[in-house]
Amino acid sequence: MTRTPQTYDVVVIGGGPVGENAAGRVVRGGLRAALVEAQLVGGECSYWACVPSKALLRPGAAVAAARGVGGAAEAVTGAPDAAAALRRRDGFAAHWDDSGQAEWLAGAGVELVRGRGRLAGPRQVEVTTGDGAVRRLAARHAVVLATGSRPAVPPVPGLADAPFWGTREATAAREVPGSLAVLGGGVSGTELAQAFARLGSRVTVVARSRLLGAFPRPAARLVADALETEGVTVLEGRGTERVRRGGDGIELVLDDGGTVSAQRLLVSTGRRPALDGLGLEELGLDPAALRVDDSGRVAGPQEQWLYAAGDAAGGPLLTHQGKYEARAVGDAVVARAAGRLGDSVPAWSRYASTADACAVPQVVFTDPAVASVGRSAEQARADGLEVDVVEHDIDVAGASLHRDGYRGWARLVVGRRRRTLVGAVFAGPDVTELLHAATVAVVGEVPLERLWHAVPVFPTISEVWLRLLEEYGL
């Protein structure tokens with residue numbers, strides 16, 4: 001163990017996108033930062049989640065898009081090449097080599113410390129390296145927790161004794177299984193179900209409630225219908241009583257007495273903040289109930305030097321939102337170190353992740369996709385807002401030109417008093433590019449009367465905005 005700690009202005013524990021952004025931000029503000037990471041720099045998103053999963057989805061989506069346009073469909077003579085798709089995925093995951101990410105850190109002026117970090121006292125971090133050596137780091141101003149999240153595995157009898165994939169193993173798979181059972185109907189499970197189905201797997205999804213239960217039923221139904229049309233079996237409202245080995249694979253015993261057999265099992269039933277083993281308890285903090293303010297500063301008995309961002313902070317489990325929080329954390333740390341910021345943080349300032357409460361964008365990258373931002377009508381009413389809801393099928397000319405037989409749906413949630421957009425949902429092929437306009441409208445609190453003058457180009461899918469505003473009465 002090094003007896004004299006190396007001192008930095010800020011020490012960040014966790015080298016995923018959130019940690020990289022927090023460290024880069026404080027260095028940009030003139031402070032010295034160390035980033036502690038035990039695995040690959042770039043984190044889950046770069047190697048086992050966002051990027052490789054979208055790489056697996058893209059070949060099937062490209063083929064389906066061509067098949068959906070007369071004149072192009074006739075040129076499609078086969079299915080996606082699974083082996084080529086996996087090779088392309090490997091490239092987007094940098095072949096699980098983080099040297100490029102490490103070089104970026106060095107170029108940004110962030111010192112990388114490889115090892116597992118834990119809090120060892122006020123502003124103190126203890127790092128255990130791969131060879132068992134221990135280093136001590138000290139932070140003059142702040143320690144930032146950016147440790148991400150880990151899978152939440154359900155307590156299903158027999159599951160612990162059965163070989164199964166989590167999303168990490170699925171996105172890094174070396175081959176496409178002949179059959180795949182997906183336990184969980186959330187975003188990751190649904191995306192990977194379609195990815196593997198289009199690459200040749202026979203897929204069954206088992207969802208305890210309904211598929212994509214966090215999204216409106218009409219949007220989720222479009223996705224479920226598409227999956228079933230492509231041969232995916234979707235079992236909604238089914239619980240799993242137990243898991244057992246069966247034949248050459250895995251068998252799920254369902255609560256209705258039915259069974260599902262598959263060569264591989266993917267368990268995708270949510271995630272939880274990765275805060276175990278960080279020494280929080282020694283500081284009087286409960287890892288299961290960590291609370292942060294809008295600047296990411298942790299509430300508790302410590303002397304307000306501890307911050308958290310991204311999944312570790314317990315907010316939206318989304319990479320882009322975690323990076324947004326990290327930028328706020330970095331700027332707040334720099335401002336407080338310079339004496340420019342006190343305890344209170346102005347909403348919508350560069351020091352606050354205000355959007356987490358009311359303007360979180362999210363996409364389900366299936367085909368059709370689901371894109372949403374802001375609050376649902378139920379959430380808005382729970383927050384004390386009076387709202388109106390308008391819906392419209394995406395049946396505009398641009399959609400028909402985009403794909404033969406296009407099916408899509410959209411919803412706006414409008415605050416009645418101020419007549420501004422508080423939420424939006426779009427579902428359909430390639431609706432993801434509609435989302436940022438809605439995000440700008442929600443964050444900017446643009447009155448509908450002004451939004452009416454944002455004229456959508458003809459013929460594009462964006463014309464659905466005009467139909468929705470007309471439906472509202474403009």
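Tutor: Let us begin with a word we will need, since contact here means heavy atoms within 4.5 Å. Please keep in mind that this is a predicted model, in which local features need pLDDT of at least 70 and side-chain atom pairs count only at pLDDT 80 or more, while totals for chains, interfaces and linings use all residues. Residues are numbered from 1 along each chain as its sequence is written, and side-chain values use heavy atoms, with hydrogens and water left out.

Student: OK, so which residues is Asp-90 in contact with, leaving aside its neighbours within four places in sequence?

Tutor: With those neighbours set aside, Asp-90 is in contact with His-95, Trp-96 and Arg-174. The side chains of Asp-90 and Arg-174 also make a polar contact at 3.0 Å, a term for a pair of N or O atoms within 3.5 Å where, within protein, one must be able to donate a hydrogen and the other to accept it, and where residues adjacent in sequence count only if both atoms are side-chain atoms.

Student: And where is the place of Asp-90?

Tutor: Asp-90 sits in helix α4, which covers residues 82–92; helices (H or I, at least four residues) and strands (E, at least two) are DSSP runs, numbered from the N terminus.

Student: Does Asp-90 count as buried or exposed?

Tutor: Asp-90 counts as buried because its relative accessibility is 9%, where buried means under 20% relative accessible area, exposed over 50%, and partly exposed in between, using a 1.4 Å probe and protein chains only.

Student: Which helix does α4 pack with, and at what angle?

Tutor: Helix α3 (residues 50–67) packs with α4 at an angle of about 150°, and their axes are 9 Å apart. Axes here are lines fitted to C-alpha atoms, for helices over the stretch in contact, and angles run from 0 to 180 degrees between N-to-C directions. The two helices α3 and α4 are therefore roughly antiparallel to each other, given that angles under 35 degrees count as roughly parallel, over 145 as roughly antiparallel, 65 to 115 as roughly perpendicular and the rest as oblique.

Student: What about another pair, how do α1 and α9 cross?

Tutor: The axes of helix α1 (residues 17–28) and helix α9 (residues 319–337) come within 8 Å and cross at roughly 25°, which makes α1 roughly parallel to α9. Residues that make this contact include Pro-17, Val-18 and Asn-21 of α1, together with Thr-319, Gly-322 and Lys-323 of α9.

Student: Switching topic, how many salt bridges does the structure hold?

Tutor: The structure holds 31 salt bridges, a salt bridge being a side-chain nitrogen of Lys or Arg within 4 Å of a carboxyl oxygen of Asp or Glu. As a general point, side chains of opposite charge can pair when their charged atoms come close.

Student: Which residue does Glu-282 form a salt bridge with?

Tutor: Glu-282 pairs with Arg-118, and the closest N and O atoms are 3.4 Å apart. Glu-282 lies in the loop between β15 (271–273) and β16 (306–308) whereas Arg-118 lies in strand β4 (residues 116–121), so the pair ties together parts that are 164 residues apart in sequence. Glu-282 counts as exposed at 58% relative accessibility, whereas Arg-118 is partly exposed at 27%.

Student: And which residue does Arg-198 meet in a salt bridge?

Tutor: The side chain of Arg-198 meets that of Glu-230, at 2.6 Å from N to O. This pair links distant parts of the chain, with Arg-198 in helix α7 (residues 187–198) and Glu-230 in the loop between α8 (217–229) and β10 (233–236), 32 residues apart. Arg-198 is buried, with a relative accessible area of 14%, while Glu-230 counts as partly exposed at 34% relative accessibility.

Student: Last one, where is Pro-177 found?

Tutor: Pro-177 is found in the loop between α6 (167–171) and β8 (179–183), and at 3% relative accessibility Pro-177 counts as buried. The C-alpha atoms of Pro-177 and Ser-201 are separated by 5.8 Å, although these residues are 24 residues apart along the chain. Not counting residues up to four places away in sequence, Pro-177 touches Trp-165, Phe-196, Ser-201, Gln-263 and Arg-264.
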